[in-house]
Amino acid sequence: MAELKERLLPPRPSASSASTSALLSPASKHRDSSASAAGGGPGGAGRRPLFQGMDFLGLKKRGQGLRSWIRVDAATGNSQMIEVDKFTMMRRCDLPARDLRLLDPLFVYPSTILGREKAIVVNLEQIRCIITADEVLLLNSLDSYVLQYVVELQRRLAAHSGDVFAGGSTSPDYLPFEFRALEVALEAACTFLDAQAAELEMEAYPLLDELTSKISTLNLERVRRLKSRLVALTRRVQKVRDEIEQLMDDDGDMAEMYLTEKKKRMEASFYGDQSVLGYSSAGAGVSVSAPVSPVSSPPGSRKLEKTLSFSRSRHESMKSSDSMTEHIEELEMLLEAYFVVIDSTLNKLTSLKEYIDDTEDFINIQLDNVRNQLIQFELLLTTATFVVAIFGVVAGIFGMNFAIPLFDKPDAFQWVLIIAGVSGVIIFCSFLWFFRYRRLMPL
């Protein structure tokens with residue numbers, strides 16, 4: 001892993017300039033040499049650059065948008081680092097610009113698996129690559145999952161090559177190169193998401209148990225952050241699951257991803273066209289390499305060539321449709337296996353979310369219970385305050401500045417206290433009986 005990481009590190013400036021010059025087309029080199037010759041000639045000897053001190057090589061490199069890629073060869077399994085600009089990659093893999101935009105590390109796009117004519121565009125978490133029938137082009141990154149993807153793909157390619165050399169024939173469970181590369185990408189994405197889900201579970205359950213025993217602001221804030229992480233991870237896992245399910249539901253998209261078979265059919269069609277052209281030219285007495293004019297060629301040979309081409313294309317289309325219907329089950333079984341894995345991860349997150357919801361409900365019940373106890377206590381306190389206020393009324397009445405014969409009796413004060421106290425107790429008990437009758441508090 002360390003050797004591969006050092007080998008995939010970004011090159012030094014000298015190597016970068018060398019690779020940039022190596023990627024230039026012969027026509028560009030010819031234009032650069034002619035321009036330098038013109039600048040060094042008699043007419044350009046006295047010319048000076050318009051902006052001195054500017055790094056035109058770096059400016060040209062930034063203008064081209066060179067990006068570092070890791071290339072894994074399908075035949076040998078060797079990996080190398082290349083620097084290719086966007087337009088060269090579009091021509092190389094026959095992809096539109098919007099598909100390459102999905103692989104841009106500067107933007108955050110949801111997980112996507114796209115089947116195109118000559119490539120499969122994969123954007124699964126850290127794995128962003130283009131898979132063709134001959135190679136895998138992976139965005140160069142020092143992320144551990146990217147390096148593990150390269151190492152695992154090389155290991156499987158080497159194991160398959162060893163089996164072929166030892167047995168001399170491929171096994172019935174043999175998968176094409178693009179499906180093996182796609183399988184490694186799906187495995188890496190599912191492993192990464194499952195590891196994050198397991199880590200979240202290990203952190204969530206003790207925290208939720210602690211929150212149920214002790215409700216505090218700190219624990220509530222930790223649970224809030226945990227829930228936000230859970231929602232984000234669930235959204236990512238759900239997107240991967242939906243993408244796999246969408247591929248499984250569409251037979252046309254799965255058939256589009258058989259790149260090796262399409263390449264073989266194109267080669268067979270090319271060689272068939274060459275043989276038909278050779279047969280028709282030989283029947284007409286004309287060399288294959290010589291250009292044949294459609295006007296000068298006899299109409300019988302042209303009609304025969306059209307008939308053979310039409311019948312061959314019809315036979316190949318029927319044969320390819322039958323083979324796609326027969327072999328599409330391989331890719332469907334592969335996708336179904338990882339659909340089960342990602343669905344299990346989604347079930348873990350769903351169970352964790354339900355546990356969080358149950359904990360929130362339990363906390364709300366506890367808080368409601370405390371709130372009810374406070375209301376009952378407030379009701380009792382209000383009732384007691386009303387009873388005590390009766391003594392204040394009696395004190396106010398007897399505190400008036402006028403003569404009353406009751407003041408002359410020595411036991412009058414005691415009787416007033418006794419009567420006021422008994423009246424207050426009777427009133428308080430009456431309130432309690434009313435509260436119990438109305439079920440306002442459990443007494």
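A: Start with a definition: buried means under 20% relative accessible area, exposed means over 50%, and partly exposed lies in between. The model is predicted. Take Glu221 as a test: its relative accessible area is 29%, so Glu221 is partly exposed. Its partner is Arg225, and the two side chains form a salt bridge with an N to O distance of 3.3 Å. Arg225 has a relative accessible area of 52%, so Arg225 is exposed. Both sit in helix H9 (residues 217-249); they are four residues apart, which means about one helical turn separates them.

Now to helix H7. Glu152 and Arg155 meet in a salt bridge of 2.5 Å, N to O. They are three residues apart in helix H7 (residues 144-167), so about one helical turn lies between them. Glu152 is partly exposed because its relative accessibility is 21%. Arg155 is partly exposed too, at 48%.

This pair belongs to a network. Salt bridges link Glu152, Arg155, Arg156, Glu183 and Glu187. Glu183 lies in helix H8 (residues 177-213). Its relative accessibility is 18%, so Glu183 counts as buried. Beyond residues up to four places away in sequence, Glu183 touches Arg156, Leu175, Leu334 and Tyr338.

One more pair is Asp242 and Arg241, with a salt bridge of 3.9 Å, N to O. Asp242 is partly exposed at 32%. Arg241 is buried, with a relative accessible area of 18%.

Why do such pairs form? Side chains of opposite charge can pair when their charged atoms come close. Across the whole structure, the search finds 23 salt bridges.

Key. Residues numbered from 1 in each chain as written. Predicted model: local features only at pLDDT ≥ 70, side-chain atom pairs only at ≥ 80, totals over all residues. Heavy atoms only, no water. Helix = DSSP H or I, 4+ residues; strand = E, 2+ residues; numbered from the N terminus. Buried < 20%, exposed > 50% of the residue type's maximum accessible area, 1.4 Å probe, protein only. Contact = heavy atoms within 4.5 Å. Salt bridge = Lys/Arg side-chain N within 4 Å of Asp/Glu carboxyl O.
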